[in-house]
Amino acid sequence: MAALVIGGLMLFSVAGYAIMGIGRFVDNAPRNEIPTVMNKYLSSDELLSILRTGRVVIRSVHSSDCRECASRDASLEVFARGFQGYVVLEKASIDTSNMTDVSDSGYVKFQMVSPTGDIAELEGKEITQNMLTDIFCDITAVQPKECLLRDIAKNQPANNQSSNKTYQTG
């Protein structure tokens, strides 16, 4: 009888230990999700915390009187939503009366910043989805499948001429 009691205690202790271990894998902590589009000027701490997650930040900070910036922001938003989880778009329209560094086109910051520290200036370039994808794939630390497939497609020959060759033996 004593052996059965000791055996039962051992069995229940193993089961209890296993149930306690399962609780470690359940994450009850609230997640701080980073939105793909942020409609505010990011502080340096916010920018660093986003870059630490491995995402690329597109900074579109412009003066409030820039008319062309809204259409560019729409293109950037389409791009950012296409690479959700890899890109965060910072789009902000600010009062530039106290800013000294405003470009002729109305931008304070118009660049793509990678977590590795690479910065690609976007000002003065025609904003297209292909151009944005090329720049993004060049500077990102985490390569999404679109970038990897793009690299494979670029390395393939335009037409397969090797199957048309005939070889002569001597």
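Student: Which residue in β4 is the bridge partner of arginine 59?

Tutor: Glutamine 111 is the β4 bridge partner of arginine 59. A word on the source: this is a predicted model, where local features need pLDDT of at least 70, side-chain atom pairs count only at pLDDT 80 or more, and totals for chains, interfaces and linings use all residues. Residues are numbered from 1 along each chain as its sequence is written, and side-chain values use heavy atoms, with hydrogens and water left out.

Student: How many bridges join β2 to β4?

Tutor: In general, strands of a sheet pair through backbone hydrogen bonds, either parallel or antiparallel. Here β2 (residues 56-63) and β4 (residues 107-113) run antiparallel, joined by 6 bridges. Strands are DSSP runs of E, at least two residues, and helices are runs of H or I, at least four, numbered from the N terminus; two strands pair if DSSP finds at least two bridges between them.

Student: What is the strand order of the open sheet?

Tutor: Its 5 strands follow β1-β3-β2-β4-β5, with mixed pairing. β1 (37-38) and β5 (119-121) each have a single partner strand, so one side of each edge strand lacks a neighbour in the sheet.

Student: Which strands does helix α2 touch?

Tutor: Helix α2 (residues 44-52) packs on the sheet and touches β1, β2, β3 (87-94) and β4, where contact means heavy atoms within 4.5 Å. The direction of α2 makes about 150 degrees with that of β2. Axes are lines fitted to C-alpha atoms, for helices over the stretch in contact, and angles run from 0 to 180 degrees between N-to-C directions. Helix α3 (residues 69-82) lies across β1, β2, β3 and β4, at about 160 degrees to β3.
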